[in-house]
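Hello,

My notes follow below it.

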Amino acid sequence: MNEQLPNSMAIRIKAQYDMFKSAERRAADLIISRPIDVSGMTISQAAQEAGCSEPTFTRLSRKLGYKGFVQMKDALSDIAVSPPSFAGVSANDTPTEVMNKVFEYSKKTLSDTLDILDTRQYEKAVEALCQTEKVFFAGVGISASVAQCAAHKMVRMGINCSWANDPDSLLLQATHLKKGDVCVVVTHSGRTRSILSTAKRARAQGATVICITNYPGAPIVRQSDIVLITASFAERYGEVTGNNIVQTTLVESLLINMMLKNEDIKQKMSMSDTALEANKMM
C-alpha cells in the first residue's frame, strides 16, 4: 500500500513534468515523494525543503491548475492510502493476464481523462462543432486512424467533413478553410511538425482550431483555440491502444452531442443507414 497523490494532481504533474524548469521539478518531486508532509507545510517550509524559492511553488501551483499554494495544499487533503497504480504488461504474464491489464489500462485512461478534462473547453468544442458548416480532421501516425474514423462518421451524419494525414494534404486542406469552419487536430504528443503547421495555417484562415492532446504544455496548445486534454501515460506495451481509445471516445462524445442538438442530423443519419443497407449481405 502506497501514499498516493490525488489522481488529478498526479496526472497534471506527469503531463507537464518534462517541461518544468529544474527548480519546479524539485518542488514537484517533493510533492510526489512527501505529499502528506507538504499538505502541512507553509510555502516557506516547502520551498526550503525542496531547495527552491517561494515563487517557484506559486508558479508550479498555477501550472497545475490551482490559484496558488494554499489551494494546492487543500487539494492534497484528498490524499489516500491506496494500492499501487496499474502496472504494465511483461513477458512473464500469461495471455489472460495481458488481456486483463490492457483492459484495466484502457479503463484507467478513460477515467483519468474525465478527472482532468476541462468541461468549459469541452462545451466550447461542442458549441463550435454545432455551429459550423465545415469540419476538417487532421492527424498523423496512429492519430490518423482517429481522424479518419471521425470524418467518416461526420459524413454519415450529413456534415461537410474531410480529413488528411500527410504533410501536403494537411496544409492544402487547412489553406481552404475560412472563418466559421472548424479544424480538429488529434495529436498525442502535441509536437508533430506537420500538425503544428496545419493548426497555424487553419487559424490564419480564420478557422477555429480544436486540439486533442495529452500534454497541456505542448506547442500545439499555443496554436489552438480550444484544448481538450487526455490522460494516457503507458510507458511500454499498450500505449498506442490507450491513446486511440481515449481519443476515439472523446471524439465520439462530441459527435453524439452534435446529434442530440440537431434534429436534421438525426434524419440524415437515418438516410445514411438506409443507403448503406444496399451494401449488406442478404
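Is T213 buried or exposed? T213 is buried, with a relative accessible area of 0%; buried means under 20%, exposed over 50% and partly exposed in between, with a 1.4 Å probe and protein chains only.

Some ground rules. This is a predicted model: local features need pLDDT of at least 70, side-chain atom pairs count only at pLDDT 80 or more, and totals for chains, interfaces and linings use all residues. Residues are numbered from 1 along each chain as its sequence is written, and side-chain values use heavy atoms, with hydrogens and water left out.

T213 lies in strand β6 (residues 208-213). Strands (E, at least two residues) and helices (H or I, at least four) are DSSP runs, numbered from the N terminus. Leaving aside residues up to four places away in sequence, T213 touches T187, H188, S189, G190, A218, I220, V221, L228, I229 and T230. Contact means heavy atoms within 4.5 Å.

Now the sheet. Five strands form an open sheet in the order β4-β3-β5-β6-β7, with parallel pairing. Two strands pair if DSSP finds at least two bridges between them. At the edges are β4 (160-164) and β7 (226-229), each pairing on one side only. Five bridges join β3 (residues 134-139) to β4. K134 stands opposite N160 in β4.

Last, the helices. The axes of α2 (residues 22-33) and α4 (residues 43-50) come within 9 Å and cross at roughly 105°. Axes are lines fitted to C-alpha atoms, for helices over the stretch in contact, and angles run from 0 to 180 degrees between N-to-C directions. R26, A27 and L30 of α2 meet A46, E49 and A50 of α4.

Best wishes
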